[in-house]
Amino acid sequence: MSNLSIIGAGAWGSALSIALSNNFDTVYLYTHTAAEVDSLQPRHPALPVDYADNVKLTFDLSLIQDSESILIAVPSYGFTATLKALQPFVRSEQFIAWVTKGFDTDGQCFLHESFEAILNHSSCVISGPSFAAEVASQKPSALAVASTDKKAQEYWVQALGTNTLRAYSNADVIGVEVGGSVKNILAIAAGIASGLGYGANTQAALITRGLAEMIRFGVALGANAATFNGLTGLGDLVLTCSDDLSRNRRFGKQLANNQSVEQALKNIGATVEGLNTLTLILSIAKKNSIEMPICEQVAQVVQGKVTPTEAVNHLMSRTPVEE
């Protein structure tokens with residue numbers, strides 16, 4: 001065995017450190033601040049289990065030089081800054097991947113574009129339907145590892161394999177990134193629908209038509225349409241739209257209950273990735289003439305231009321089209 005460095009001690013990074021602890025001699029888990037090295041012990045507050053004995057919380061990035069592989073698990077808004085901080089310590093032979101979902105809103109681009117520009121490594125993104133608390137609790141879950149580098153694919157598929165975690169390989173980096181980003185916006189829409197008291201029919205329609213928006217967006221940007229029928233498309237979309245463990249869904253429910261964006265974020269108390277990437281995704285869609293009516297109505301609600309009920313009425317009154 002060898003060592004793994006996980007950059008980001010949030011709920012997802014912490015859950016992965018626990019789930020993968022038996023696959024490595026030491027898992028170094030890097031905190032955002034020095035104070036968190038002590039304050040996060042013995043467990044992350046969002047998780048139901050303690051860190052494993054071989055998970056070492058640290059603020060010292062130089063320790064990544066002792067690891068065979070690096071897994072980046074920071075919010076999308078901190079992705080570029082994290083890459084720049086890692087740059088002096090990264091070795092060319094290390095395997096590097098990320099589990100961050102979203103776009104680089106600062107660079108106005110895909111995460112893989114920022115990654116390759118800053119670290120000059122082959123891109124590898126890991127994504128799929130995976131609530132942190134369930135992964136940490138050893139409940140069976142599946143992920144997809146996307147890279148055009150076969151060695152990176154094979155390494156991470158093996159590294160992620162446990163009795164309760166299974167990984168599948170995929171070469172469609174763009175498709176996996178799009179799925180992990182757009183589903184968060186659609187989950188806000190699902191939360192709005194739930195908060196308004198709508199039922200299972202509404203959710204099924206929203207997921208199905210939301211998937212159509214995701215596919216249109218992804219294919220226009222170079223993704224393989226088949227990717228969206230897999231774990232990082234339909235799988236992650238169903239998960240995050242259907243359960244209140246999803247921050248994005250909870251955020252939507254807050255909006256439906258007449259909370260302001262600011263108050264809703266305060267009540268959630270954690271990153272809402274769908275909100276972070278909403279403006280950029282719609283900007284890209286407009287530039288490429290991609291129709292995304294559900295995402296557009298989420299933006300209208302967030303901006304206070306329409307009420308949640310008015311957004312639903314708008315979607316239901318659109319001119320009928322072929323499915």
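1. A residue is called buried when its relative accessible area is under 20%, and partly exposed when the value lies between that cut-off and 50%. Arg 249, with a relative accessible area of 8%, is therefore buried. The model discussed here is a predicted one.

2. Arg 249 is joined to Asp 244 by a salt bridge with an N to O distance of 2.7 Å. Asp 244 is partly exposed, because its relative accessibility is 32%. Asp 244 also meets the side chain of Lys 253 in a salt bridge, at 2.8 Å from N to O. Lys 253 has a relative accessible area of 23%, so this residue is partly exposed.

3. In total, the structure contains seven salt bridges. Another pair is Arg 43 with Asp 50, whose closest N and O atoms are 2.7 Å apart. Arg 43 is partly exposed at 36%, and Asp 50 is partly exposed at 38%. Salt bridges also link Lys 101, Lys 183 and Asp 236 in a network.

4. On strand pairing: S7 (residues 141-146) runs parallel to S8 (residues 165-170), and six bridges connect the two strands. From S7 the chain passes through helix H6 (residues 150-159) to reach S8, a right-handed β-α-β crossover. Ser 141 has Leu 165 in S8 as its bridge partner.

5. Thr 232 lies in helix H9, which spans residues 231-242. Its relative accessibility is 2%, so Thr 232 counts as buried. Beyond neighbours within four places in sequence, the contacts of Thr 232 are Ser 127, Gly 128, Ala 144, Val 176, Gly 179, Gly 180 and Thr 227.

Notes. Residues numbered from 1 in each chain as written. Predicted model: local features only at pLDDT ≥ 70, side-chain atom pairs only at ≥ 80, totals over all residues. Heavy atoms only, no water. Helix = DSSP H or I, 4+ residues; strand = E, 2+ residues; numbered from the N terminus. Buried < 20%, exposed > 50% of the residue type's maximum accessible area, 1.4 Å probe, protein only. Contact = heavy atoms within 4.5 Å. Pairing = 2+ DSSP bridges. Right-handed = clockwise from strand over helix to strand, strands pointing away. Salt bridge = Lys/Arg side-chain N within 4 Å of Asp/Glu carboxyl O.
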